[in-house]
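Subject: The structure you asked for

Hi,

Here is the structure for you to open alongside this email. My notes on what turned up in it follow below.

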Amino acid sequence: MNDSAGRRRARRLAIGTAVVLALAGMNGPWLYRFGTEKYHQYKIDRPEYKAANGKWDIVEFPEEYRQHTIHAALLRTGKVLLIAGSGNDQENFDAKKFDTRIWDPVKGTIKKVPTPNDLFCTGHTQLADGNLLIAGGTKRYEKLKGDVTKAGGLMVVHNENPDKPITLPAGTKFTGKDNGKTFVSKDPVLVPRAKKVFDQETGAFLRNDPGLGRIYVEAKQSGTQYETGTQDNYRIQGLTGADARNTYGIAQKLALDKKDFQGIRDAFEFDPVAEKYIKVDPMNEARWYPTLTTLSDGKVLSVSGLDDIGQLVPGKNEIFDPKTKKWTYTEKIRQFPTYPALFLMENGKIFYSGSNAGYGPDDVGRDPGIWDVDTNKFTKLPGMSDADLMETSGTVLLPPAQDEKYLVIGGGGVGESKVASKKTRLIDLRAANPTFKDGPSLEKGTRYPQSSVLPDDTVLVSGGSEDYRGRSDSNIHQARIYHPDSNSFTQVADPLVGRNYHSGSILLPDGRVMFFGSDSLYADKANTKPGKFEQRIEIYTPPYLYRDSRPSLSGGPQTIARGASGTFTSGQASTIKKVRLIRPSATTHVTDIDQRSVALDFTTSGDKITVTVPKSRNLVQSGWYMLFVDDDQGTPSEAQWVHVP
């Protein structure tokens, strides 16, 4: 630089400094904020920053298409199903205003879909034909203590007749033997017949074990005088003769306590081509907050949830057959908290990580382990750190799925606990003696972490909050990418939107990740300003999409059987290092057990890539998958949809 140029530069710097100082004297904090925000925006928009950290963008739908999205699933059409139901809004529920949207992330279009019932807090999973099975939802919103005007609760109806069941209609009256108070049932109940019990050695008859039915009852009138304090036997008005002798009710305290949400039995399939709900047979049990898990034979296991009287389903699990569209109970019972994280293993058994989303006793069904559904044997797994902080933790099957390694992320105490865990825990189910071991710590205790498997064998972990439902303005505006090969996190760009309860993330076919929802209790640290449901969608574009180019992938068959091969075309075939088959997500309440990334063997010749699908149906469940290829830089192609029958 010559002297003249140097003097001109010095003069510009001096003038600029004088202007900055003058403005700072007038309004220093404003200038600082303005400068900081402008610089931050400049920084995150730079190509080198995006190549290292990725980028976040907000999608806001037109006002008439916005909703409180609670559930989301990627459909085989590449569109995203967004389900709100009543959206955790009592006014919507009372008005029977139930919402569903279909969003096309490529075209940017959004469409309303008629919603047949309140699918708020339902369960869902991908079916083999590409439909989405949806089961359960909301029959009644919770009532907090103080809002309950009529004493009520659980009535267990006993039937001691071994020859026939009995049905009691809604409106049946139960009168206490000792307290003399009368309560009325809200729904009909079928009480099975008693079971005859015989001595296994002699064959002699021992007794009748009564059939049991559960029903919600409440007092006919409002007031504390109708509460009961202890257990009592209840005679059933309207029954005569043998029915009156054999059938009776037993209830504990019936009071003005808080009443939990109640579930529904309704079940539907969502057809992604017709873009509509199709009703199938209802479940045997009403369920609110259930988990649906695909089994070895393609049938679907439905577990847990709150029933139609607001009680945790007492371990009565059931299976849906996609061929008959009907549900049958499992032979044995096993109880879990609501939304338990249950994954199909390669040996056909079920891995339970201990992650769950809430309701249930703190001493029932919370230990992680391996469950054989057929025999009901449950083998506990040791080593879990912060074992009492597993509620609202997330669990992800690490890529590739063949390794059967899982990462358990964060979590919090039971119920509305303020305590949250910084821990991540790893377990290798292929080890001789699987044991949880700590992975890299999170920076903050984290409830509701969102996690999505990426096609380059990493996992995006983002969001969550330090407190129950984001209380005390505790949302975590951070994102990390977990690397299974090095068991480490790298920090990437911070999300723009806080996400806690009722939020989730989904990998899209173009390699980006969509985030939805968030339902804070409060919006300030003092917990005085009510929270507002987050309706905006946010898209994260990972660093691998800011490289110079990405491999192409086209052609090839739409269907590949297990053990069979298919050939695709790519101009970069010679650079391909990985092929991954990724099952699309169906996620809610920190629970996404559908997503899994399966490594495929492959060969290349010229511009052709021939891939082979593994033979195991427990590893590759029947259904539609996204097929990605990764080049030698770890950059994925856009996905091709492939059906595995």
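Strand 6 (123–126) and strand 22 (291–294) each give at least two residues to the lining of the second largest cavity. Strands here are DSSP runs of E with at least two residues, helices are runs of H or I with at least four, and both are numbered from the N terminus. That second largest cavity has a volume of about 90 Å³. Its lining has 13 residues, and those closest to its centre are His124, Leu292, Ala586, Thr591 and Ile593. By class, this lining holds five nonpolar, six polar and two charged residues. For these classes, Ala, Val, Leu, Ile, Met, Phe, Trp, Tyr, Cys and Pro count as nonpolar, Asp, Glu, Lys and Arg as charged, and the others, Gly among them, as polar.

Before you read on, please keep in mind that this is a predicted model: local features need pLDDT of at least 70, side-chain atom pairs count only at pLDDT 80 or more, and totals for chains, interfaces and linings use all residues. Residues are numbered from 1 along each chain as its sequence is written, and side-chain values use heavy atoms, with hydrogens and water left out.

A word on how the spaces were found. Rolling a probe the size of a water molecule over the atoms shows where empty space is left. On a 1 Å grid over the protein atoms alone, a cavity is a set of points where a 1.4 Å probe fits but cannot get out, while a pocket is an open set with protein on both sides within 12 Å along at least five of seven lines; lining residues have an atom within 4 Å of a point. Grid points are joined across faces, edges and corners, and a volume is the space filled by probe spheres set on the points.

How many cavities of 30 Å³ or more does the whole structure have? The search finds eight. The largest cavity has a volume of about 120 Å³. Among its 14 lining residues, Pro449, Gln450, Ser451, Thr587 and Val590 are the closest to the centre. Strand 30, strand 34 (450–453) and strand 38 (503–507) each supply at least two residues of this lining, and strand 38 has the largest share, with three. The lining of the largest cavity divides into three nonpolar, 10 polar and one charged residue.

The largest pocket has a volume of about 990 Å³. It is lined by 38 residues, and the closest to its centre are Leu154, Gly213, Arg214, Asp307 and Ile309. The elements that give two or more residues to this lining are strand 8 (138–140), strand 9 (152–159), strand 13 (189–191), strand 16 (211–219) and strand 18 (247–251). Strand 16 provides the largest share, five residues. By class, the lining of the largest pocket has 15 nonpolar, eight polar and 15 charged residues.

The second largest pocket holds about 730 Å³ of space. Of its 27 lining residues, Glu142, Phe261, Tyr359, Tyr468 and Arg469 lie nearest its centre. This lining is made up of 11 nonpolar, six polar and 10 charged residues.

Two loop residues may also interest you. Not counting residues up to four places away in sequence, Tyr544 touches Leu454, Pro455, Asp456, Gly511, Gly634, Thr635 and Pro636, where contact means heavy atoms within 4.5 Å.

Leu389 lies in the loop between strand 29 (377–380) and strand 30 (394–397). At 9% relative accessibility, Leu389 also counts as buried. With residues up to four places away in sequence left out, the residues that Leu389 touches include Gly410, Gly411, Gly412 and Gly413.

Finally, the chain as a whole. It has four helices and 48 strands, and buried residues make up 54% of its 645 residues. Along its principal axes the C-alpha trace spans about 115 × 70 × 45 Å.

Best wishes

Key. Buried means under 20% relative accessible area, exposed over 50%, partly exposed in between (1.4 Å probe, protein chains only).
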